[in-house]
Amino acid sequence: MNSLIHTGLIMGLSNHNLKGRLEMNKYFDTIVSKRDGDVCRACGSDNKIHAFHISSDLPNGGYVVENGILLCGDCRNKAKDGILTSDYLYSLIDSSKDAALAAYKKPKPIV
Ligand SMILES: [Zn+2]
């Protein structure tokens with residue numbers, strides 16, 4: 001009986017983590033879109049806009065607002081090609097990689 005309860009808890013926990021990741025992604029998109037006014041922060045276009053992770057090597061995928069910027073398809077390609085540098089993108093949202101890393105130490109709002 002105890003072991004069944006234990007298994008249930010572990011399964012519940014891993015389901016929660018998967019759901020948590022999906023929720024985190026949704027939360028990231030929503031909050032970055034809201035902050036950036038639903039337009040590309042670099043050029044103002046509303047074509048194919050998505051929340052972009054400025055640094056891809058942050059813990060847990062970098063799902064912190066301080067690492068997110070709303071970019072259109074063209075600007076996302078420029079960012080991936082390094083034409084728009086991460087320093088430039090951080091400057092557009094008044095952030096930095098250090099600020100993004102520090103954001104992990106702050107408690108997250110519950111969605
Ligand atoms: Zn753009």
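View 1. Helices (H or I, at least four residues) and strands (E, at least two) are DSSP runs, numbered from the N terminus. Follow the sequence and you'll read the pattern α-β-β-α-α-α. This is a predicted model, so local features need pLDDT of at least 70, side-chain atom pairs count only at pLDDT 80 or more, and totals for chains, interfaces and linings use all residues. Residues are numbered from 1 along each chain as its sequence is written. Of the 111 residues in the protein, 24% are buried (20 or more other C-beta atoms within 10 Å of a residue's own, with C-beta atoms placed from the backbone).

**View 2. Strands β1 and β2 pair up in the antiparallel sense.** Four bridges link β1 (residues 50–53) with β2; strands count as paired if DSSP finds at least two bridges between them. In a regular strand the side chains alternate between the two faces of the sheet. Here, β2 (residues 68–71) is covered on both faces: G68 and L70 are buried on one side, I69 and L71 on the other.

**View 3. Zooming in on F52, a residue of strand β1.** F52 counts as buried because it has 22 C-beta neighbours inside 10 Å. Across in β2, I69 stands opposite F52. F52 and L70 are 18 residues apart along the chain, with 5.9 Å between their C-alpha atoms.

**View 4. The contacts of F52, beyond its neighbours within four places in sequence, include R76 and A79.** Contact here means C-beta atoms, placed from the backbone, within 7 Å.

Technical notes
Buried ≥ 20, exposed ≤ 12 C-beta atoms within 10 Å, placed from the backbone. Contact = placed C-beta atoms within 7 Å.
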